[in-house]
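Subject: Structure for your review

Dear colleague,

Please find the structure below, together with its sequence.

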Amino acid sequence: MQLINGKEISMQIKDELKVKVEELKKEGKEVTLAVILVGDDPASAVYVGNKKKACEYIGINSLSYELPASTTREELLSLISKLNNDEKVNGILVQLPLPKHINEDEIIKAIDPSKDVDGFHPENVGRLSIGQKGFVSCTPAGVIELLKRSGISIEGKNCVVIGRSNIVGKPMAMLLLRENGTVTITHSRTADLKSVTSKADILVVAIGKPKFITADYVKEGAVVIDVGIHRMENKKLCGDVDFDDVAEKTSFITPVPGGVGPMTIAMLMKNCVESVL
Ligand code: NAP
């Protein structure tokens, strides 16, 4: 069994981007990300803080808009429109979730697709489906990067994704398909999940349930990618996979923390840099 070190791989990506941003600066090009946070959700504040830190490390300018929870839909749409029209802004990120009185779908749709570095806009989702270039959701894009940089080939492999969310499961399946994997998507209505997962050469788990996947779900020698992240009662983090039970049966596995998690921000940064290329 080999551990896939997401911390190290994400650092490599950030260092490559740092070099790229320096080159762009020499050509007189700056990369600028606008980050909008609405309300005072503590987890969202931590995510936004981490994104700003990564920007700083790479040399990306970050503009921060911290708005009160009482912000109206109109105020938020007006800020997005201003940023869409600002030539200096390359990427726009609205931290989710938004307060309940604001419709997230409407806000995502208002972002110019060419600045949608989260890859959530329906145009970018559609582009992924029909094989055109566009921004791709950062977490599944990070999984592909982890596989490639660990020398794991996807072509012709039996790939099973557990979960069909718009942010992880569905784009994950489309990306594995783009890499010529033979892809099965499973979800809460899948009959006999174990019989499907135990045939997977590559198993990507995004189920949102702590330590749900045990050794009996996994084929001997499979590659297991754990997207889940949960804080346990003892304050430690764990994934959707029962790592201690599963690890020995795998050829490669991502740990939690230090697997998929750090890749999400690295891929966001990659999207920001690509927005000026
Ligand atoms: P989500 O929206 O809750 O989706 C979970 C998916 O799992 C759904 O499609 C659901 O099926 C399916 N599911 C639930 N119970 C199941 C069962 N018993 N058997 C088979 N499938 C089942 O979650 P998400 O946003 O995709 O996130 C998944 C996990 O990844 C979470 O732990 C989240 O915290 C984590 N995450 C991590 C990162 C990161 O940066 N590392 C980023 C995003 C998310 P239905 O569609 O039928 O309900």
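The notes that follow describe the sheets, the helices packed on them and a few individual residues.

This is a predicted model, in which local features need pLDDT of at least 70 and side-chain atom pairs count only at pLDDT 80 or more, while totals for chains, interfaces and linings use all residues. Residues are numbered from 1 along each chain as its sequence is written, and side-chain values use heavy atoms, with hydrogens and water left out.

Domains

The domain assignment of the protein gives domain 1 (28–112) and domain 2 (138–261); such bounds come from an automatic or database domain assignment. Taken over C-alpha atoms, the centres of the two domains are 29 Å apart.

Helices (H or I, at least four residues) and strands (E, at least two) are DSSP runs, numbered from the N terminus. Two strands are taken as paired if DSSP finds at least two bridges between them. An open sheet of 3 strands has the order 3-2-4, with parallel pairing. Its edge strands are strand 3 and strand 4 (91–94), each of which pairs on one side only. From one strand to the next the twist averages 15°; axes here are lines fitted to C-alpha atoms, for helices over the stretch in contact, and angles run from 0 to 180 degrees between N-to-C directions.

Strand 2 (residues 32–38) and strand 3 (residues 61–67) pair in the parallel sense over 7 bridges. Alanine 34 stands opposite leucine 63 in strand 3, and valine 38 has leucine 67 of strand 3 as its bridge partner. Helix 3 packs on this sheet and touches strand 2, strand 3 and strand 4, with its direction at about 180° to that of strand 2.

How many of the residues of strand 2 are buried? The count is 7 of the 7, so strand 2 is largely enclosed by the rest of the structure; buried means under 20% relative accessible area, exposed over 50%, and partly exposed in between (1.4 Å probe, protein chains only). In a regular strand the side chains alternate between the two faces of the sheet. Both faces of strand 2 are covered, with Thr32, Ala34, Ile36 and Val38 buried on one side and Leu33, Val35 and Leu37 buried on the other.

Two residues around this region

Asparagine 84 belongs to helix 3 (residues 73–84) and, at 18% relative accessibility, counts as buried. Leaving aside neighbours within four places in sequence, asparagine 84 is in contact (heavy atoms within 4.5 Å) with Ile92, Ala110, Ile111, Asp112 and Lys115.

Cysteine 272 lies in helix 10 (residues 261–274) and is buried at 1% relative accessibility. Not counting residues up to four places away in sequence, cysteine 272 touches Val31, Leu33, Ile60 and Val117.

Strand 1 is joined by 2 bridges to strand 11 (residues 252–253), the two running parallel; glutamine 2 has phenylalanine 252 as its bridge partner.

Strand 5 is mostly covered, with 4 of its 5 residues buried.

Aromatic rings and charges

Rings of Phe, Tyr and Trp (its six-membered ring) pair if their centres lie within 6.5 Å, with planes under 30 degrees apart counted as stacked, over 60 as edge-to-face and the rest as tilted. By this rule there is 1 aromatic pair. Phenylalanine 212 and tyrosine 217 form this tilted pair, at 5.8 Å centre to centre and 50° between the planes. Phenylalanine 212 is partly exposed at 31% relative accessibility, whereas tyrosine 217 is buried at 12%.

A charge sits over a ring if NZ of Lys or CZ of Arg is within 6 Å of the ring centre and within 35 degrees of the ring normal. The charged end of lysine 194 sits over the ring of tyrosine 217, 5.1 Å from its centre. Likewise, the charged end of lysine 18 sits over the ring of tyrosine 57, at 4.2 Å from the ring centre.

With kind regards
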